[in-house]
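Me: I am new to this structure and would like to learn how to read it. Please take me through some features one at a time.

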Amino acid sequence: MFALLRRPSNHFHVLPLLRSRLLSSLTVTTTPSPPPPADPATLTSLILTSTDPRTLTQTLHCPTLHWTPQLVDQILKRLWNHAFKALHFFNILSHHPTYTHSLSSFDHAVDLAARLRDYKTVWTLVYRMKSLRLGPSPKTFAIIAERYVSAGKADRAVKIFLSMHEHGCRQTLNSFNTILDVLCKEKKVEKAYNLFKALGGKFKADVVSYNVIANGWCLMKRTNKALEVLKEMVDRGLDPNLTTYNLILKGYFRAGQTEEAWRFFLEMKKRKCEIDVVTYTTVVHGFGVVGEIKRARNVFDGMVKDGVLPSVATYNALIQVLCKKDCVENAILVFEEMLRKGYVPNSTTYNVVIRGLCHAGEMERAMEFMRRMKDDECEPNVQTYNILIRYFCDAGEIEKGLDLFEKMGSGDCLPNLDTYNVLISAMFVRKKSDDLFVAGNQGLAKEILRLQSRCGRLPRQFKL
């Protein structure tokens, strides 16, 4: 307690400084301004910072602002982590004197509302789509079903699938496979399998149907059940395809059955299956995650001899396992090799390397790789920022984390819930007694919460 009273005098000035920087990154504007250009980034910023609904409506309804479905969809995507603001924007344009929403924009709005578990709004949007004769489409029902399953309402999702025709949308084999996939990916494999057995005959289940169920069992690490599905498929006269074999292979690795996976891979080669880059990538990643780096590298090196060129995803898999199970320097050597061979790294490649450098305590080099992303025309995404902010905060360098947060607020990459959770945790959890002081940090955390609320993103809970 008394130690806090004797903290260095410069600490008294830190909280106002950090608060002013946070406010500058998410400044709230209330005064009317000229109509903005039809630019997604500018309009997104306007929607986020506006606190006067009437002024915002007047601006968005301005006759000189030309709305298109593509522009609306781009804004809704940018506002993905600010669902309340996104739905408010969608609703304002719903009353536009000349513009009418497209089916794709309705689907975005349905997804946002369902993610918030605001089911009343979901079904209001569905009925509005019907009244405008825009839908709903099979994709709309797939979105709704997926959100219900993820919310623990699998039975409700199945009922929605079975009632699609009541909304003017006929069930097809494709929609049947979609509901099976949604259930399996949320680990509701028993329910998916029962539905498959009950309705597979009606919809004439195909190879895709069987693959979905087999993959579901693999996700549950029950490869024996996946093999039973494979046998059942063959007994029905359906030929397994490469996707079937690849998902079984991945299932073995996921279940920790490394040697079984290797034997299965060799059997695929022996039977002269047309092994593709996905097969090799699965084996490289599978060996790597269990620390079998030499075997992973041997398979990677053997690809070209077998006439299969690695993809960016294959390089990503190797770089990731080297970062996790070997050392980041070897991962960077592979990264540089990738560049020499003419491959263009994507955001996943950079994020994996940046995470590896951060984990090794090489924060400045991690920042250099972030700058290299822009040189390669690969803009840092929210995951890139979150990785760096998290490691800076964990190291007690909260100010550097806030520098990055400020850049997010002023650029095209908006913070998401994870960003706020990291910053709020850093405010409350003292990492170093000399660097962090409880009172000031709690005040700044509350400031972040208040700014987050202004931006229309007030989550139900925080990981503190």
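Me: Where is Glu362 found?

Reply: Helices (H or I, at least four residues) and strands (E, at least two) are DSSP runs, numbered from the N terminus. Glu362 is found in the loop between helix 21 (347-359) and helix 22 (363-375). This is a predicted model, in which local features need pLDDT of at least 70 and side-chain atom pairs count only at pLDDT 80 or more, while totals for chains, interfaces and linings use all residues. Residues are numbered from 1 along each chain as its sequence is written, and side-chain values use heavy atoms, with hydrogens and water left out.

Me: Why does Glu362 count as partly exposed?

Reply: Buried means under 20% relative accessible area, exposed over 50%, and partly exposed in between (1.4 Å probe, protein chains only). Glu362 counts as partly exposed because its relative accessibility is 31%. Its C-alpha atom is separated by 9.8 Å from that of Val328, 34 residues away along the chain.

Me: What does the secondary structure of the protein come to?

Reply: The protein has 26 helices and zero strands. Of its 464 residues, 48% are buried.

Me: Which residues of helix 4 are buried?

Reply: An α-helix has 3.6 residues a turn, so residues three or four places apart point the same way. In helix 4 (residues 53-60), the buried residues are Thr55, Leu56, Thr59 and Leu60. They lie on the same side of helix 4 because they cover an arc of only 125 degrees around the axis, taken from the directions from the helix axis to the C-beta atoms. Exposed Arg54 and Gln58 are on the face turned away from that buried side.

Me: What do the buried residues of helix 4 pack against?

Reply: Contact means heavy atoms within 4.5 Å. The buried residues of helix 4 pack against helix 3 (40-49) and helix 6 (83-94).

Me: Which residues line the second largest cavity?

Reply: A cavity is a set of points on a 1 Å grid over the protein atoms alone, where a 1.4 Å probe fits but cannot get out; lining residues have an atom within 4 Å of a point. The second largest cavity has a lining that includes Pro138, Phe141, Ile160, Ser175 and Thr178. Helix 9 (138-150), helix 10 (154-162) and helix 11 (173-185) each supply at least two residues of this lining.

Notes: 1 Å grid on protein atoms, 1.4 Å probe; cavity = no way out; pocket = protein on both sides within 12 Å on 5 of 7 lines; lining within 4 Å.
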